[in-house]
Amino acid sequence: MWKAQIDVSYKDGILEPQGVAIKDSLASLGFAGIEKVKVGKLIEIELSGNLTEDKAKEEVTAMCKKLLANVVMENFSFILKKVEK
């Protein structure tokens, strides 16, 4: 079994209202010197079956491109780990 930890975040240059709101809120709470805040999502998926590492990478990449990330506006990366059950 494989476990994928997928990180999805906006590409540079994309307006990120949630990041701006957090940055402004932190400043209003007295935290100075914050230049930029980026908000993303972490998705964990467990893949069952007898997949090779290459096949698991291929599957996770396809999931990201088809559903988990908007590849026009977002980047994704992932870490794949072999998990014994």
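Residues are numbered from 1 along each chain as its sequence is written, and side-chain values use heavy atoms, with hydrogens and water left out. Because the model is predicted, local features need pLDDT of at least 70 and side-chain atom pairs count only at pLDDT 80 or more, while totals for chains, interfaces and linings use all residues.

**Core**

The largest nonpolar core holds 13 residues. A nonpolar core here is a set of buried Ala, Val, Leu, Ile, Met, Phe, Trp, Tyr and Cys residues joined through side-chain atoms within 4.5 Å. Buried means under 20% relative accessible area, exposed means over 50%, and partly exposed lies in between (1.4 Å probe, protein chains only). I6, I43, I45, L47, V60, L68 and L80 touch the most other members of the core. Two or more residues each come from β1 (2-10), β2 (40-47) and α2 (53-68). Helices (H or I, at least four residues) and strands (E, at least two) are DSSP runs, numbered from the N terminus.

L47 illustrates the contacts, which are heavy atoms within 4.5 Å. Setting aside residues up to four places away in sequence, L47 touches M1, W2, A56, V60, M63 and L80.

**Helix α1**

Helix α1 covers residues 17-28, twelve residues in all. The expected span of a helix is 1.5 Å times one less than its number of residues. For α1 that gives 16 Å, and the end C-alpha atoms are 16 Å apart, so the two agree. G30 follows α1 and has a positive phi, near 100 degrees.

**A buried glutamate**

E16 sits in the loop between β1 and α1. What is the nearest side chain of opposite charge to E16? It is K38, 5.6 Å away. E16 is buried yet has no salt bridge. A salt bridge needs a side-chain nitrogen of Lys or Arg within 4 Å of a carboxyl oxygen of Asp or Glu. For charge, Lys and Arg count as positive and Asp and Glu as negative; His and the chain ends are not counted.

The side chain of E16 does have a polar atom 2.4 Å from the backbone nitrogen of V39. Beyond its neighbours within four places in sequence, E16 is in contact with Y10, V37, K38 and V39.

**Salt bridges**

A search of the whole structure finds six salt bridges. Side chains of opposite charge can pair when their charged atoms come close.

| Pair | Distance (N to O) |
|---|---|
| E44 and K3 | 3.5 Å |
| D12 and K38 | 3.3 Å |
| K55 and E59 | 3.5 Å |

The side chains of E44 and K3 meet in a salt bridge. This pair links distant parts of the chain: E44 is in strand β2, K3 in strand β1, 41 residues apart. E44 is partly exposed at 44% relative accessible area. K3 is partly exposed too, at 26%.

D12 and K38 also form a salt bridge. They too link distant parts of the chain, 26 residues apart. D12 is in the loop between β1 and α1, and K38 is in the loop between α1 and β2. D12 is exposed, with a relative accessible area of 63%, whereas K38 is partly exposed at 40%.

K55 and E59 pair within a helix. Why are K55 and E59 separated by about one helical turn? They are four residues apart in helix α2. An α-helix has 3.6 residues a turn, so residues three or four places apart point the same way. K55 is partly exposed at 34%, and E59 is partly exposed at 31%. Elsewhere, salt bridges that share partners join D12, K36 and K38 into one network.

**M73 and S9**

M73 lies in the loop between α2 and β3 (74-82). Its relative accessibility is 30%, so M73 counts as partly exposed. Not counting residues up to four places away in sequence, M73 touches S9, Y10, K11 and I14.

S9 belongs to strand β1. It is buried, with a relative accessible area of 19%. Apart from neighbours within four places in sequence, S9 is in contact with G40, M73, E74 and N75. The C-alpha atoms of S9 and A32, 23 residues apart along the chain, are separated by 24 Å.

Methods:
Polar contact = N/O pair within 3.5 Å; in protein donor to acceptor, adjacent residues only side chain to side chain.
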